[in-house]
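Thanks for coming. I will go through the packing first, then the charged pairs.

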Amino acid sequence: MRQVLVSGAIAACLALAVFVGLVPASMLPWSSTPTGQTHMLLETAPRTMRTFALPGGGAVTLDRASKVIVGSRDGTSTIKLVMGRMQLNALDSAQTYTIAAGANTITARAALMDVTLAVHQAPRVRLYIGEAEVQPLLQNAAYRIQGQRLPVGRPLRLLHGRIGNAGPSFVTNEKDWPSGWGQYRAIAISRLVSIANSYAEKPIVIDDPAIGTMSVSGRFRFTDTSALAANLATVFGFQVTERPDGLHLRQN
């Protein structure tokens, strides 16, 4: 039994050594044994968004229930997106930021961009302003894949250092989501209410199922359920009733 355990431990150490050897140097600030480096965990609770200052003058906003690890080494800032959604704002910074998301590395300069990482899904990215390129996180020393530049404005999926279309979406512009606003096109009211309720202390309750199947377009403040319910009532003629469990919507 002792011999089996020792052999297993040696194999595990060798596997870890191979893995660390494949990780680019810029990714090492969040390794388990940093040397001359710093790293910090940033996260948000459910229903909460927060903006954090970054080394070099940039900032990162985390959506609800999101988590990143920020590292710094030799004047280079790195961000590992562990889960959730983040927006990097480096418009007023001359520093280059490296973002790790899944099996991808994004290098951004003077950029405003969103990166989303959900469970069992390819990371999604949208560059609004600036320059950014993506590469595989793990590179073969004998054959390195060159970076691929991200186009501005398009929602994209990242697949091991390559970009692909994210597919159709009801979201037309989410650039202002850190301030609680979103631009939507033909979004079902049930979906819009679901987004708003994920931030709300007092949720919207749809009493008539037919309401949820209706669609709406426009710019909405999804972090204010009272204003959202009032706007929907004005546009569609709904009745809003406030009760202890939430704001109830029903048709007149």
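Which residues have the most contacts inside the largest nonpolar core? They are M86, L88, I106, M113, V115 and L150, in a core of 28 residues. A nonpolar core here is a set of buried Ala, Val, Leu, Ile, Met, Phe, Trp, Tyr and Cys residues joined through side-chain atoms within 4.5 Å. Strand 7 gives the most to this core, six residues; strands are DSSP E runs of at least two residues, helices H or I runs of at least four, both numbered from the N terminus.

Before going on, the basis: this is a predicted model, with pLDDT of at least 70 needed for local features and 80 or more for side-chain atom pairs, while totals for chains, interfaces and linings use all residues. Residues are numbered from 1 along each chain as its sequence is written, and side-chain values use heavy atoms, without hydrogens and water.

T107 also lies in strand 7. T107 is buried, at 15% relative accessible area; buried means under 20%, exposed over 50%, partly exposed in between, with a 1.4 Å probe and protein chains only.

Now the salt bridges, meaning a side-chain nitrogen of Lys or Arg within 4 Å of a carboxyl oxygen of Asp or Glu. The count is nine. D63 and R64 pair at 3.4 Å, N to O; D63 is buried at 5%, and R64 is partly exposed at 30%.

K202 and E242 meet at 2.9 Å. K202 sits in the loop between helix 2 and strand 14, and E242 in strand 16, so this bridge ties together parts 40 residues apart in sequence.
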